[in-house]
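Me: I'm new to this one. Walk me through a few spots, please.

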Amino acid sequence: MLVLFETPAGFALFKVLDERKLNKVEDLSKEFLAPDSARKVVSLKAFSKFENTAEALEAATKLLESAPSKGLRKFLRAHCDGETLGVADTKLGNAIKEKLKIDCVHNTAVMELLRGVRIQLTELISGLGAQDLAPMSLGLSHSLSRYKLKFSADKVDTMIVQAIGLLDDLDKELNTYAMRIREWYGWHFPELTKIIQDNILYAKAVKLMGDRANAAKLDFSEILPEEVETELKEAAVISMGTEINDLDLMNIKDLCDQVLNLAEYRAQLYDYLKSRMTPLRQT
């Protein structure tokens with residue numbers, strides 16, 4: 001199976017290396033916490049770079065209409081023979097299947113996979129750095145804004161465009177803050193990183209526990225499954241981590257609050273986005 005990912009620089013096709021992982025959607029995000037683990041899930045099969053802004057604009061406006069551009073059709077014909085293609089848009093998948101006879105899939109697993117790819121994008125595509133993507137994205141945004149015909153109010157809801165951009169930003173911020181918590185608290189309780197792989201649950205557990213010495217007397221049942229709670233408490237007793245002072249703990253807990261607040265806002269924004277996009281998909 002391949003997945004199609006659009007960047008401001010061009011289209012990328014990623015090969016799914018272990019499709020069994022798609023059966024556990026709730027665990028997919030954990031695979032993209034670090035570049036090394038992400039590379040075990042997907043690998044870049046092909047990348048089609050836009051030659052200029054005009055080509056990027058054509059591709060972007062076609063995608064807004066859920067249609068593949070000429071360049072995208074050529075790219076997919078060259079690399080998708082006999083493959084199933086994961087896409088972010090059902091209507092785009094239907095158009096690709098109709099025009100190119102390529103079977104397309106759009107489901108929760110594909111969306112989680114694409115979200116993970118987005119987080120580790122510059123690590124998965126060699127030679128494509130964040131410093132390169134930013135000006136490309138800005139230039140393409142300006143070109144789209146000037147393309148009034150395609151960006152008219154009855155075609156595209158500007159609020160949805162803004163919300164999607166914000167959702168991407170929140171994913172990146174959450175990932176960055178969560179990694180900082182793991183690195184910081186890891187000096188005190190290094191074993192916890194392997195015990196709790198979900199970033200949000202990790203932040204909740206750290207906030208509740210504070211010093212690992214408190215673990216034995218606390219009830220984690222509202223946060224963690226029973227077997228994970230047991231493993232945590234056993235590891236806390238024999239942990240090889242260093243001691244931690246109250247000031248460090250206070251700052252770590254503040255960072256946990258930031259992560260949890262961002263996660264809550266992200267969930268609200270995602271629900272808002274679904275509610276706003278549903279009427280558009282029905283038109």
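Reply: A term to start with. A helix here is a DSSP run of H or I with at least four residues, and helices are numbered from the N terminus. Also, this is a predicted model.

Me: Good. Where is valine 237 found?

Reply: Valine 237 sits in helix α12.

Me: Is valine 237 buried or exposed?

Reply: Exposed. Valine 237 has a relative accessibility of 65%, and the cut-off for exposed is over 50%.

Me: How many residues along the chain lie between valine 237 and arginine 212, and what separates their C-alpha atoms?

Reply: They are 25 residues apart along the chain. Their C-alpha atoms are separated by 8.0 Å.

Me: Where is arginine 212, then?

Reply: Arginine 212 is in the loop between α11 and α12.

Me: Why does arginine 212 count as buried?

Reply: Because its relative accessibility is 10%, and buried means under 20%.

Me: What does the side chain of arginine 212 reach?

Reply: The backbone oxygen of histidine 188. Arginine 212 gets to that oxygen with its side chain at 2.5 Å.

Me: Which loop holds serine 221?

Reply: Serine 221 lies between α11 (199–209) and α12 (226–238). That is the loop that also holds arginine 212.

Me: What does the side chain of serine 221 contact?

Reply: The side chain of aspartate 219. It is a polar contact at 2.8 Å.

Me: Why does serine 221 count as partly exposed?

Reply: Because serine 221 comes out at 46% relative accessibility.

Me: New topic. How many disulfides are there?

Reply: Zero by the count.

Me: What about cysteine 104 and its strand?

Reply: Cysteine 104 is found in strand β5. Cysteine 104 is partly exposed, at 22% relative accessible area.

Me: Which loop is the place of lysine 101?

Reply: Lysine 101 is between α5 (90–100) and β5 (104–105).

Me: What is its phi?

Reply: About 60°. That is a positive phi, although lysine 101 is not a glycine. Lysine 101 also counts as exposed, at 67% relative accessibility.

Me: Pockets next. What volume has the second largest pocket?

Reply: About 180 Å³.

Me: Which residues line the second largest pocket?

Reply: Lys30, Leu33, Ala34, Ser37, Met179, Arg182, Thr193, Lys194 and Gln197. The elements that give two or more residues to this lining are α9 (158–186) and α10 (192–195).

Me: Where does the second largest pocket lie?

Reply: Between domain 1 (2–149) and domain 2 (153–281), because both give residues to its lining.

Me: Back to helix α9. Is leucine 174 buried or exposed?

Reply: Leucine 174 is found in helix α9. Leucine 174 is buried, with 11% relative accessible area.

Me: What separates the C-alpha atoms of leucine 174 and isoleucine 200?

Reply: A distance of 9.1 Å, with the two residues 26 residues apart along the chain.

Notes:
Residues numbered from 1 in each chain as written. Predicted model: local features only at pLDDT ≥ 70, side-chain atom pairs only at ≥ 80, totals over all residues. Heavy atoms only, no water. Buried < 20%, exposed > 50% of the residue type's maximum accessible area, 1.4 Å probe, protein only. Polar contact = N/O pair within 3.5 Å; in protein donor to acceptor, adjacent residues only side chain to side chain. Disulfide = S-S within 2.5 Å. 1 Å grid on protein atoms, 1.4 Å probe; cavity = no way out; pocket = protein on both sides within 12 Å on 5 of 7 lines; lining within 4 Å. Points joined across faces, edges and corners; volume = space filled by probe spheres on them. Domains from an automatic or database assignment.
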